[in-house]
Amino acid sequence: MLMTNFLQKRKSVRNFKNNVVPKDKLENIKLLMEEIGESESDIKFSFYENGSIVAKGLDGKAGYDGVMINAPHYIALEIKEDNAINALKCGYYLEKLNTKIVDLDVDTCWITVDQVDRDTRKNIFGEDGENINFLIAIGYGAKKKLFDPEVTSPRLKVEEIVFKDKIGIPVSIEELENYGIFDIFSSVRYAPSHKNLQPWRFVLEGHKIYAYMVKTDEDSRSFVDMGVVLFYVEEMMKSINIQNKWNISLKDDGKYYYIGSYNI
Ligand SMILES: Cc1cc2nc3c(=O)[nH]c(=O)nc-3n(C[C@H](O)[C@H](O)[C@H](O)COP(=O)(O)O)c2cc1C
């Protein structure tokens with residue numbers, strides 16, 4: 001599926017059926033984990049087939065609104081050292097894997113576990129468990145019951161996240177269309193982010209896009225969100241035949257962190 005369509009349709013699933021994911025799909029997912037994990041030495045994926053152990057261990061400590069998200073399986077991403085660059089990598093690679101899992105018609109949800117005490121994480125995930133800050137739950141979403149509340153997460157408008165030359169100066173839709181990137185930035189808004197904070201901002205200047213992150217008291221998580229969105233921009237640019245990579249160069253910039261630039 002085209003990444004722009006994929007993003008507009010994707011949604012976090014928090015209510016899973018008990019059914020396990022069939023063995024052949026799980027094997028496929030494990031291969032994807034290996035493939036993506038091999039490309040980057042600072043990260044390591046691990047797979048927890050028996051999800052009930054993870055769910056019980058994290059009960060009351062992680063999930064959504066204090067309730068653990070029970071899924072048949074989980075995937076964790078371990079980072080070697082906890083710093084901003086590795087948090088960007090965590091978002092980039094865990095979301096890369098996530099999109100491939102969703103492509104297999106399996107539902108997923110990110111779960112933050114950085115607030116869970118070290119001993120609990122070690123008990124559940126093993127000796128290096130304290131280096132695990134994020135998981136994705138995987139399985140099949142249960143059908144919504146008639147009176148279940150609809151969880152919709154509103155998104156910022158394109159003009160609230162994309163600017164011209166400087167944050168705060170509006171960019172015209174015509175200009176984005178001239179560069180062929182209006183669809184890309186309309187779709188990137190649907191990327192998942194921790195508490196739906198959507199900390200990403202972009203500045204178009206000549207043939208470059210500059211990425212910034214809004215500072216909050218949750219920066220360590222926002223860096224992961226930034227990694228997610230950097231991944232999506234690279235993927236969607238491929239649809240207009242641009243295969244470039246972000247040039248990352250973190251800098252403190254007042255209310256923002258400057259993250260890096262992308263050539264269009
Ligand atoms: C880094 C990160 C951490 C997240 N942590 C959680 C979490 O702990 N629990 C949860 O229910 N959702 C979590 N999410 C999912 C977001 O809440 C969700 O993506 C956002 O609210 C937008 O909703 P949507 O994914 O349905 O479009 C996380 C997402 C990201 C990217």
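Helices (H or I, at least four residues) and strands (E, at least two) are DSSP runs, numbered from the N terminus. Residues are numbered from 1 along each chain as its sequence is written. This is a predicted model: local features need pLDDT of at least 70, side-chain atom pairs count only at pLDDT 80 or more, and totals for chains, interfaces and linings use all residues.

**View 1. The whole protein.** The protein holds 9 helices and 9 strands. Its C-alpha trace spans about 50 × 40 × 35 Å along the principal axes. The radius of gyration is 18 Å, which agrees with the value near 18 Å for a compact globule of 264 residues. That radius is taken over C-alpha atoms, and the globule rule is 2.2 Å times the number of residues to the power 0.38. Of the 264 residues, 39% count as buried. Buried means that 20 or more other C-beta atoms lie within 10 Å of the residue's own; exposed means 12 or fewer, and partly exposed lies in between, with C-beta atoms placed from the backbone.

View 2. The domain assignment gives domain 1 (3-139) and domain 2 (158-263). Such bounds come from an automatic or database domain assignment. The C-alpha centres of the two domains lie 24 Å apart. In all, 20 residues of domain 1 are in contact with 24 residues of domain 2. Contact means that the C-beta atoms of two residues, placed from the backbone, lie within 7 Å. On the side of domain 1 that touches domain 2, helix 1 (3-9), helix 4 (84-103) and strand 3 each give two or more residues. Helix 4 supplies the largest share, 10 residues. This side divides into 10 nonpolar, 5 polar and 5 charged residues. Here Ala, Val, Leu, Ile, Met, Phe, Trp, Tyr, Cys and Pro count as nonpolar, Asp, Glu, Lys and Arg as charged, and the others, Gly among them, as polar.

**View 3. The largest nonpolar core.** A nonpolar core is a set of buried Ala, Val, Leu, Ile, Met, Phe, Trp, Tyr and Cys residues joined through C-beta atoms within 7 Å. The largest has 73 residues, of which Y74, A137, F202 and Y232 touch the most other members. Helix 9 (residues 219-237) gives the most to this core, with 11 residues. Domain 1 and domain 2 both contribute residues, so the core lies between them. Leaving out residues up to four places away in sequence, A137 touches F16, I69, A71, Y74, T108, C109 and I111.

**View 4. The shell around the ligand.** Of the 21 residues around the ligand, S12, Y64, W110, P192 and N196 come nearest. A residue belongs here if its C-beta atom, placed from the backbone, lies within 6 Å of the molecule. Strand 3 (107-112) and helix 9 each supply at least two shell residues. Domain 1 and domain 2 each supply at least three. The shell divides into 9 nonpolar, 7 polar and 5 charged residues.

**View 5. Two loops with positive phi.** Most residues other than glycine have a negative phi. D165, not a glycine, has a positive phi of about 65°. D165 lies in the loop between strand 5 and helix 7. D165 is exposed, with 12 other C-beta atoms within 10 Å. G168 lies in the loop between strand 5 (162-164) and helix 7 (173-178). G168 counts as exposed, with 9 C-beta neighbours inside 10 Å. K195 is found in the loop between helix 8 (182-188) and strand 6 (200-205). Its phi is near 50°, also positive. K195 counts as partly exposed, with 13 C-beta neighbours inside 10 Å.
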